[in-house]
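Have a look at the picture first, and then we'll go through it piece by piece.

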Amino acid sequence: MSSPEEGSKRPVPRLQRGRGLACGVVKPTVESGLPALPPAAGSGPSKEVPMQRHVTVINRPEKRLTIPPRFQKELQVHLSRSSSVDLNDNLNTSVPETHSVPSGSSAPHFSEVQSHIKEILSRYSNGIWLSKMPQVYQQMYQEELSTAVLRQLEYWPHVCTVEKVCTGDHMDGLLYPAKRIPPLAKSGIEQGKASQNVTSSKVDPLLKPSMETTSGSLSSDFKQKVVNILLKYSSGLWANALPKLYQDTYQLKFPEGVLNNLELLSDVCTVDHISDNPKKAILYAKPQGHIDENLNVSEKVQMRDAVKATAEQQYEESKEQYPESMTVPPLIIPVEGSLSVLVVELNNTNEVIIRYVGKDYSSAQERMEDEMKEYYSQNPSVSLVQSVSVGQLVAVHVEEDAWLRAQITSVEDNRIKVCYVDYGFSEVIEKNCVYKLGKQFYSLPFQAAKCKLAGLEFFCDDPVLVKTVESQTCSKIFAVEILEKSDIPLLVLYDTSGEDDININATCRKALYDKSLELHLQADAIYKNVRVTSVSSDGSLYCQVPSKGLSRLSEMLQKLEDYFHYKTSEFNVSLPFCGKICLFPYKGKWARVEITIVHSSRALDVQFMDTGTVASVKVSELREIPSQFLREVIAIPPQAIKCCLADLPLNTGMWTPDAVLWLRDTVLNCPDFSMKVAKLDGSKGTAHIYLFTPENFPDVDRSINRQIINADLWKHQKDVFLSVTPGGISSTKVTSETVSAPELGGAGPEKSFPDSVKPALERSGAVPTPDMPPPLPLSKLGEPMDVYISVACHPGHFVVQPWQELHNLEVLMEEMMLYYSMAEERPANIEKNKLYAAKVENKWYRVIIKGILTNGLLSVYELDYGKHELVSMKKVQPLMDAFRKLPFQAIIAQLAGVKSQQWSEEASVVFRNRVEKKPLVALIQAVNESTNSWDRKIVTYLVDTSLPDTDIWIHDFVSQDLVEFSKVN
């Protein structure tokens, strides 16, 4: 632990380590590559359901990819034509498994990963198991270490030394810092070389003349005697104890210099170095079979070293003469959130050719191609490829002096078919355009990769779908969401170029709709037997119109009901993602829903495709559509038609609660309306309609539209006025202590979802009560407590949450979201300083009312997160008793060890960046109790224990920052 300043705090015990981060899911990496390439890094199915978060408008990747000007013509020609080349044939050829490692700027993220691995090994200088490396890497850097990197470690001698170890039936390995001989024995040729290296590097120069000793100079009889001793110490023997034991046992002098070079014994025992002191080691006996084999090998070492040296020299010479025998490293997919790809082409939706966009990908490729142009222009002696073979990597000279990497896929006389490995498509060229590829151009992984589009796998070869995806995606850049790790990753593409993010997978799926079942409304047309299925808070509504599609849907859902009678558990949804279509039980039948938001692995938002209703549901209630019904279910277009009432003021904005309530009560309880279409708004997909009850049709003056206009329902509460005080601070006018929130009807038809969707509170008939949860227990003064900093204003005011309770809080938030989404909204008698549930964005929080404003807004304090928010009165509901059991999780805190003061903006920002949204350790020094648990305040030290060897005391940094700011000022 780093020692704190003297007198700044009390001594405390060393803080515990190994805790993970509090929130945030590590974004899965994607592994992708053409089958012609080595398997991409980190392949393997994901073992948990990830939270899906596609790139939003706020965090968009840059929509720019510079294709070298010299190759734009070829790319555009290729994309514009209907290629007769079978790309999959070209990409399914194989190349040797790769072991070479990229270096320099051409290797995406390798330098960073290698640096991290070196840092880890510097802390584990005595070695670390290969199987433990991903866990340690994750804890230190909050990133996944892909399995492809683990496979490449043995080919990174400048980074680490790998010693493979067989433990029973399991093969593992030990990692050591680079340029260090591992303690476990090497066999054969490597053994002699290890001994020589250790002798020359580790022994004191003054001792070298008397220690020109090799493993071969130690007799087999001596080694056997050492083994006999070690076999008596199965738990290991300290090396410095060996000489005396040897002399006492055999009455012989222990050979001089062996302790300074223990690797001389490594062919008969395992040497576990504890420190850099060569004598500070533990010796373990090896299995007898291994010993017997190595006792006979020493006399062959020098000869084998010579053979190996000759072989290595010949190999290096062959690489110079035949660079095509070299291999290319695998493409490791970036893990940052704003990942973008360029779609090149596709033959089906399960094999879409893409290129990753970014500094270490498309930009690195451009740099390499510039280097190729310079290299081949300055080296005219580079020869053409004389002998060509399938699978061979070559450099192809295209027009305008451009050079590209390619792989030969077929040969016919003087014409060669090549696949451009960085662009993903093929071309037939003349043999005189193909040159040997310089070895320096093997370091960058092939940039063309494959992916599958999620939700379209079953229809991957459908010609209409493929044509639609091709027209929507080819030669365009998209943000991607990675769902599943595999050699061909599963992706969702998003177009973020407009105001709203567009799910490309879901958009292209519409091409599968049966055109004969689509209902196209006509302006001025009249439709009868219309049913209103949902009314939104902005007055828009969804209607069902009798049609062929609606009849087909009823038949299809009945088939599903019969099929699912005994088999529902077999079709649980394992991988939910935005845009996925599933089945959900609704009013005793199955309904089609589309996932719109994935909140967590347990809860998500869906929209009912045929009623328009939006609801939060549990993942466990969703069901996959059985494959035999999938095409028929997907082919039926959504039966909910979005409408709005014509002639209503367009500047109404959000409707008043009274207006929404009146409309819901009027239209949702009547199964039979007539509808006249006034106009169609194609840009918004909305029909402007007149709605009539049967007895009032077709009198427009008695339509629902005119009735709601004539009703006195549009008087909003007066807007709040801000007055400026002499000090320049805005103040808001607040109403009385109590106000009644209007009761709103449901957002859709009568709710009859399964009990399992609703929390236990509704099944038990729970009603709101004034009960308070118990106070949150705190650790004893001076004892460490794991916390998460949810809000940090400045060192004098921040909010901590107990780490151990975060899971319980997550469960509570999901239950509240599910309950209030499904339950009918109840009237709430709003009072200051009372507890309620409030909806902020898409989640429900436990809050206390701090103020009631005259514009219908409430000032609330989130009791579990410590944030202040303004919410509409319509979004506040009574807090049910079942949600009052967990103690409020937000604890107001002040930093100990610093003097209380008026904190500057600079100091506040630096403090916030250092602690907010991070897991830390708190050592509470004082507790200021209060009548209300949420007003309780603690004074605490904060310690960052994320580093393996150093504890960072936050108040020390704050003090240093204050000194720096005072100097600047």
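Let's begin with a term: a charge sits over a ring if NZ of Lys or CZ of Arg is within 6 Å of the ring centre and within 35 degrees of the ring normal. By that rule, the charged end of lysine 850 sits over the ring of tyrosine 861, 5.9 Å from its centre. Lysine 225 does likewise with tyrosine 250, its charged end being 5.4 Å from the ring centre.

A word on where this comes from: the model is predicted, so local features need pLDDT of at least 70 and side-chain atom pairs count only at pLDDT 80 or more, while totals for chains, interfaces and linings use all residues. Residues are numbered from 1 along each chain as its sequence is written, and side-chain values use heavy atoms, with hydrogens and water left out.

**The whole chain**

The chain has 21 helices and 41 strands; these are DSSP runs, numbered from the N terminus, with helices (H or I) of at least four residues and strands (E) of at least two. Of its 969 residues, 49% are buried. Buried means under 20% relative accessible area, exposed means over 50%, and partly exposed is in between (1.4 Å probe, protein chains only). The accessible surface is about 45,700 Å², and carbon and sulfur atoms account for 51% of that; the areas come from the Shrake-Rupley method with a 1.4 Å probe, and for residues only the protein chains shown count as cover.

How far apart in sequence are the residues that touch? Taking contacts between residues at least 6 apart, 68% join residues at least 24 apart, where a contact means heavy atoms within 4.5 Å.

**Aromatic rings**

There are 30 aromatic pairs in the structure. Rings of Phe, Tyr and Trp (its six-membered ring) pair if their centres lie within 6.5 Å; planes under 30 degrees apart are stacked, over 60 edge-to-face, and the rest tilted. Here are two of the pairs.

| Pair | Centre distance | Plane angle | Type |
|---|---|---|---|
| Tyrosine 246 and tyrosine 250 | 5.4 Å | 55° | tilted |
| Tyrosine 845 and tyrosine 865 | 5.5 Å | 80° | edge-to-face |

Tyrosine 246 and tyrosine 250 are about one helical turn apart, because they are four residues apart in helix α8 (residues 242-250). Is each one buried or partly exposed? Tyrosine 246 is buried at 4% relative accessibility, whereas tyrosine 250 is partly exposed at 23%.

The other pair links tyrosine 845 in strand β34 (residues 843-852) with tyrosine 865 in the loop between β35 (857-862) and β36 (868-872), so it ties together parts 20 residues apart in sequence. Tyrosine 845 is buried, with a relative accessible area of 14%, and tyrosine 865 is partly exposed, at 22%.

Elsewhere, Tyr375, Tyr376, Trp403, Tyr435 and Phe441 make up one aromatic cluster.

**Around strand β11**

Why is strand β11 (residues 415-419) largely enclosed by the rest of the structure? Because four of its five residues are buried. Strands pair if DSSP finds at least two bridges between them. Five bridges join β11 to strand β10 (residues 402-412), and the two run antiparallel. Glutamine 407 has cysteine 419 in β11 as its bridge partner. Two residues lie between the strands of this hairpin, and aspartate 413 takes a positive phi near 55° there.

Strand β12 (residues 426-430) is also antiparallel to β11, again with five bridges. Cysteine 419 has serine 426 in β12 as its bridge partner. The hairpin of β11 and β12 has six residues between the strands, and glycine 424 in the turn has a positive phi of about 90°.

**A barrel and a helix**

Five strands close into a barrel with mixed pairing, in the order β18-β19-β24-β26-β25. Within it, three bridges join β24 (residues 641-645) to β26 (residues 686-692), which run parallel. Cysteine 644 has histidine 688 in β26 as its bridge partner.

In helix α15 (residues 627-635), the buried residues are Phe629, Leu630, Val633, Ile634 and Ala635. Their cover includes α13 (504-509), α14 (548-563), β20 (581-586) and β21 (589-598).

Methionine 873 is in the loop between β36 and β37 (876-878). This methionine 873 is buried, at 6% relative accessible area. From methionine 873 to leucine 853 is 20 residues in sequence and 9.5 Å in space, C-alpha to C-alpha.
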